[in-house]
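Hello! Here are a few notes to read alongside the model, in the order I would go through them.

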Amino acid sequence: MTEAKTNMTRKKSRKQSMFLAVLKRILKNPVSCIGLIILLILILSAVFAPLLAPYSITEMDYDSIYALPSLKHPFGCDKLGRDLFSRCLYGGRYSLSLGFIAAICGFTFGQVFGIMVGYAGGKVDNIAMRICDVLQAIPGNLLAILISTTLGSGFGNTILAMTVGGLAGSVRSTRAMCLKEREMEYLQAAKSINCSRATIMYKHMLPNIVAPAIVGTTMSIGGTIMGAAGLAYIGLGIQPPLPEWGAMLSAGREQILYYPHLMIFPGLCIAVTVLAINLFGDGLRDAIDPKLKD
Amino acid sequence: MEQNENFLQVRDLVVEYTSGGQVVHAVNGVSLSLDRGQTLGLVGETGAGKTTIAKAILDILPNPPAKVRSGEILVDGQDILKLSEHEKLKIRGNKIAMIFQDPMTALNPVMSVGEQITEAVLLHNDFTRTQAEARTVEMLEMVGIPGQRYVEFPHQFSGGMKQRVVIAMALACDPELLLADEPTTALDVTIQAQVLEMINDLKTKLNTSMILITHDLGVVAETCDNVAVIYAGKIVEFGTKRDLFKAPAHPYTLGLFDSLPKMDDDSKELHPIPGLPPDPTNLPRGCSFHPRCPRATEACSREGEIPMIELSPGHFCRCIRTGGNN
Amino acid sequence: MEEKNALVEIQGLKKYFSSAGGINHAVDDINMKIQRRTTMGVVGESGCGKSTLGRTIIRLYDPTEGKILLDGEDITEVRGRKLRKVRERMQIIFQDPYSSLNPRMSVEETIREPLKESRRFSRKELEEKVDELMDQVGIEDRLRLSYPHEMDGGRRQRVGIARAIALNPDFIMCDEPVSALDVSIQAQVLNLLMRLQDRLGLTYMFVTHDLSVVRHISDNISVMYLGQLVETAPTRELFRNQLHPYTKALLSAIPSIDIDRPMQRVQLKGEITSAINPKPGCRFAPRCLFATEACNQPQTLTEVEKDHFVSCCRVNEIN
């Protein structure tokens, strides 16, 4: 019994050490390290926004309408005299969670369906690929706009719109990985020892094809945030007064010539986030790449 | 081994790879020589350094990670390692040609086989195009492929036929030395028999020297004059085919023979060599084979180089426990 | 060979694949009996369908036609729970120890997998079984948590063997289990397979292209050419007296390490063709030195001498 227990702990430490190995390789790479640090700062400041924000996001200061950045209002104020810095902090909550949730949803659906389709092959594969063709024939942004206009704007619908837009591509790439992996004999071996279809697909196949998808998903978060901002900008995403970065951009565009800081700061937030995610994603790809595994 | 007319001489070749901060000792002081028209077999297991030796002779080792640390490779008295890139180009393909293990990847899939051979001919000779094409047809027919198949593409050939094309390409420029790296391993036995026979015929016809790299002792027995057995980047036994097959001396060579299922012996148990080949980043002290050797004594693991001992004229063995037997 | 029920018997087994050029008759009308505790060697060149035959027998592929009997019971069509039972009794060892192990599963997980899937063992029993299996195939306990890429080919193949014997099968189809290994390691694995056969009373079908290996391990040998059986006989008999021209050529083509024995090759014309849309008649005929008009008729496997079957209409004239 005790022996079995030590085995269990040994096994756990092994799995952990694999995770640690990836982390270590990321930390070795200065560029991805910078990405990770910026990303962590952004996430933490969004999480602790209530503690960090000097003002409430709805608090209007009529003396500081269109105020330029100053010590009192580091990012300045908007047309209602609300503090932009606080709004940017809170905006991170919406923008980041939107990006992450949509990416994770897309990842999960892509993996589940992609493997199913890729492993089944034949007719199922054929039909699913034709559906993907149809979905991909419509540009992702247009599809998102379509969904937002039909279902209405809002946080949940924006996530839905962003997820559906990327779904076909995600299913397709997972399926391609699957087709390559399907030829491997360990899957036949799994079949011969009576593993069920689900076990073969999700226990044997998934761990072997998931790594590139994780990298792809990470890289897609930036795009999703931009897409959601884009939706908000044209008035279909998250609506004011919620301080989403895209929505803030949208609100600031009327005064762009006179008060550019209304757009510069939310825009910077988006740019920095996307940059950080891409830097980190690059490092992650190198760290996970099995060819570098020693 | 010390003859002056030797066409190829390799002296104390040391090749190392660096991988992940570690040094892989691939070839550790190999010396060998080869006369014109002779075939030398290099025998050893995966990772023993056979292919590295051949690539070093052709000087096509990827650098980095591979690095020739020391040694000389003399072809016709010229040290290849000291030549300029331009002079090397002349020697590659012209004087020395290599046949790779996998005929499937050695040919360009979008070029007809005839074109590929003609290109090689033009590169190394002062032929006109018509002359080169005539030469190609001649080469194809020599390896048993009808000249009409000049215009066909690699995918229209079977594995054995592709290997013939590769051989024809290697021979097209009349190389004086042919390096054949497991030329028949990817082929079926009946096809292997045909290809080996063809190689033997061509060798006598063209008086080409050849180094044949293989792990199959049967192939060696059929084609080679001399044999070098390689273990962990060192030649552990060298001799004529007769020396090696009739009086193998090194415990590793003996172990190899014992591991083979015999065609004329019905005993149930095989006698494998215990253990595994050593880790090339961390070779054992003294004789690299001593951890697996049934005859090893304490002296075998002492620091220092084990010398080659000449057991009989031309038959060398790197083992301090064998010298007295003969 | 007394007339008792063979452990595995196949009757008129066919497996066709549709391919780009037409229908590939990978396994075409094969009859075979494999007795308990014996090893049936199946030899042939690449593309002759030997591996497909083995995988069809253990029901990894669905046969196109014919019957597979396990212990006299027809298992050709079984599905669901019955198929699971059949698979527990018939296992497979693969050729390539690199691709046949899941790269993300440790030694322990790989060996535990079949036991776990059978849902017959408690957690504690699982651990004990894994210990026992690792011991049986000679993998050191310290490698328990190693991953395939950390091990050499021989050890990997041992893990594959442990996985195959985990559920106490009766029959194991060995698909070129040693051809990817170096000679010294190959001998270790062959010894292991033979020891396991004695100890566990296993029946093997041993598919390979290496004739010296098949001679060493087999009791009977079947020779295949392009999806068909051309000759089958007890090992000793086959190596003493080959009757089919293809078998003769195949055996004479093995490079021998006896340098004093003069080489006598049976030369073959041309190259192995393919089994896509074959013509009726002997498929070896285009390469055969003895081929005549009669060879274009369908051939049948006939018993020429005791237990020695040959599929050649000119067998009496040739020999």
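1. Chain A has a mean pLDDT of 83, with 92% of its residues at 70 or more; pLDDT is the predictor's confidence in each residue, from 0 to 100. This is a predicted model, in which local features need pLDDT of at least 70 and side-chain atom pairs count only at pLDDT 80 or more, while totals for chains, interfaces and linings use all residues. Residues are numbered from 1 along each chain as its sequence is written, and chains are lettered from A and ligands numbered from 1 in the order in which they are written.

2. Among the elements of chain A, the lowest mean pLDDT, 61, belongs to helix 1 (residues 2-28), and the highest, 91, to helix 2 (residues 30-47). Helices here are DSSP runs of H or I, at least four residues, and strands are runs of E, at least two, numbered from the N terminus.

3. Helix 2 of chain A packs against helix 4 (residues 84-120) of chain A at an angle of about 110°, their axes 7 Å apart. Axes are lines fitted to C-alpha atoms, for helices over the stretch in contact, and angles run from 0 to 180 degrees between N-to-C directions. The two helices of chain A are therefore roughly perpendicular (65 to 115 degrees).

4. Where do they touch? A:L42, A:I43, A:S45 and A:A46 in helix 2 of chain A meet A:L89, A:G92, A:R93 and A:L96 in helix 4 of chain A.

Technical notes
Angles under 35 degrees count as roughly parallel, over 145 as roughly antiparallel, 65 to 115 as roughly perpendicular and the rest as oblique. Two residues are in contact if their C-beta atoms, placed from the backbone, lie within 7 Å.
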